Amino acid sequence: MLKSITSLGKWLFIVPFVGFGIMHLMAGDKMGGMVPIPGGSIWVYITGLAMIAFGISVILGKMDKLAALLLALLLILFVVLLHLPGAMKGDQMATGSLLKDIGLAGGALMYASGFARDNSVVG
């Protein structure tokens with residue numbers, strides 16, 4: 001039963017990242033203006049590929065712990081660079097995104113620590 005719950009949890013965790021990654025690839029030019037560092041759209045495409053790579057890594061059970069650590073770092077960068085400035089101005093959307101990404105970063109760190117105790121989703 002615990003293995004089934006863990007497997008379901010992994011799928012529920014990776015599906016949004018694959019979806020977000022695809023969305024980044026589809027709308028990179030539109031999202032480029034939100035990037036607060038030089039490079040704009042290229043960073044949107046890179047982060048989209050990174051999120052998809054995380055999902056693939058977990059599905060295959062290959063280098064998934066490292067991928068989870070890198071995902072957590074990416075999410076923390078999103079919090080600091082994208083969401084915190086707006087949240088500090090009282091923007092509720094930015095605050096919601098900040099809280100979401102902090103929670104997801106926590107989940108990625110738990111995965112990276114071996115909390116799930118299973119190396120792959122398949123199985």
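G114 lies in the segment after α5, where helices (H or I, at least four residues) and strands (E, at least two) are DSSP runs numbered from the N terminus. This is a predicted model, in which local features need pLDDT of at least 70 and side-chain atom pairs count only at pLDDT 80 or more, while totals for chains, interfaces and linings use all residues. Residues are numbered from 1 along each chain as its sequence is written, and side-chain values use heavy atoms, with hydrogens and water left out.

- With a relative accessible area of 15%, G114 is buried (buried means under 20% relative accessible area, exposed over 50%, partly exposed in between, with a 1.4 Å probe and protein chains only).
- G114 and K65 are 49 residues apart along the chain, and their C-alpha atoms are separated by 7.5 Å.
- K65 also has its charged end over the ring of Y111, 4.5 Å from the ring centre (a charge sits over a ring if NZ of Lys or CZ of Arg is within 6 Å of the ring centre and within 35 degrees of the ring normal).

**Packing of α4 and α5**
- Helix α4 (residues 64–88) and helix α5 (residues 92–112) have axes that come within 8 Å and cross at roughly 165° (axes are lines fitted to C-alpha atoms, for helices over the stretch in contact, and angles run from 0 to 180 degrees between N-to-C directions).
- The two helices, α4 and α5, are therefore roughly antiparallel (angles over 145 degrees count as roughly antiparallel, under 35 as roughly parallel, 65 to 115 as roughly perpendicular and the rest as oblique).
- The crossing of α4 past α5 is left-handed (the near helix is turned anticlockwise from the far one by less than a right angle; clockwise is right-handed).
- The contact of α4 with α5 involves 19 nonpolar, 4 polar and 3 charged residues (Ala, Val, Leu, Ile, Met, Phe, Trp, Tyr, Cys and Pro count as nonpolar, Asp, Glu, Lys and Arg as charged, and the others, Gly among them, as polar).

**Packing of α1**
- The axes of α1 and α3 come within 8 Å and cross at roughly 150°, which makes α1 roughly antiparallel to α3.
- α1 passes α3 in a left-handed crossing.
- Against α5, α1 packs at an angle of about 130° with the axes 12 Å apart, so α1 is oblique to α5.
- The crossing of α1 past α5 is left-handed.

**Aromatic pairs**
- The whole structure contains 4 aromatic pairs (rings of Phe, Tyr and Trp, its six-membered ring, pair if their centres lie within 6.5 Å; planes under 30 degrees apart count as stacked, over 60 as edge-to-face and the rest as tilted).
- The ring centres of F13 and F17 are 5.3 Å apart with planes at 70°, so this pair is edge-to-face.
- F13 and F17 lie in helix α1 (residues 2–26), 4 residues apart, about one turn of the helix.
- F17 and F54 form an edge-to-face pair, 5.7 Å centre to centre and with 80° between the planes.
- That pair links distant parts of the chain, with F17 in helix α1 and F54 in helix α3 (residues 41–60), 37 residues apart.
- F17 is buried at a relative accessible area of 1%, and F54 is buried at 2%.
- Ring pairs join F13, F17, F20 and F54 into a cluster.

**M63**
- M63 is in the loop between α3 and α4.
- Although not a glycine, M63 has a positive phi of about 55°.
- M63 counts as exposed, at 63% relative accessibility.
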